[in-house]
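Reader: Please take a close look at one helix of this model for me, and walk me slowly through the site that a record places there.

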Amino acid sequence: MKINRPLSPHLTIYKPQLTSTFSIFHRISGAFLAIMVFFSILFLKIGDLNLTSYYLYRYAFSFTFYFHWLISSVVNFSLLALCYHMSNGIRHLLWDLGFFLELSKVYTSGIIMLFCAAFLAVSNIIRFYFS
């Protein structure tokens with residue numbers, strides 16, 4: 001017996017909402033930051049294994065020399081994810097305290113949070129490159 005209707009609602013049925021989109025990106029940015037912390041600790045431990053190896057230093061120098069654009073892109077993207085995750089986390093803490101729970105204030109605080117995250121990321125990138 002074949003039923004020609006979906007068994008449960010799918011993402012194609014619902015119109016994306018601002019709050020659900022921010023929640024999904026908050027989770028994605030948190031997972032990305034956790035992965036970046038794991039890999040940075042892993043690379044620090046690998047670099048700790050043999051500090052007298054000439055080939056390790058040669059490989060590290062050549063990687064940073066030829067792929068500096070990749071490293072700076074990952075750093076900038078991590079900074080953007082950190083600023084977004086921190087700004088949205090502060091917004092969630094304000095919700096836990098009972099502030100901005102009306103629907104109009106939820107949307108307004110979401111837009112303010114985006115501008116704050118963008119301002120923090122851009123100002124830190126400018127500070128990073130000009131210091």
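Author: UniProt positions are given here in the numbering used for this model, with feature names shortened, and such annotations may be inferred rather than shown by experiment. With that caution, UniProt lists His85 under "binding site", in an unreviewed entry. The model is a predicted one, in which local features need pLDDT of at least 70 and side-chain atom pairs count only at pLDDT 80 or more, while totals for chains, interfaces and linings use all residues. Residues are numbered from 1 along each chain as its sequence is written, and side-chain values use heavy atoms, leaving out hydrogens and water.

His85 lies in helix α3, where a helix is a DSSP run of H or I with at least four residues, numbered from the N terminus. Just after α3 comes Gly98, which takes a positive phi of about 95°.

With a relative accessible area of 25%, His85 is partly exposed, because that class lies between buried, under 20%, and exposed, over 50%, as judged with a 1.4 Å probe on protein chains only. Other residues of α3 are buried, among them Ala81, Cys83, Tyr84, Ser87 and Asn88. Leaving aside residues up to four places away in sequence, His85 touches His26, Ser29, Gly30 and Leu33, contact being heavy atoms within 4.5 Å.

Key. Helix = DSSP H or I, 4+ residues; strand = E, 2+ residues; numbered from the N terminus.
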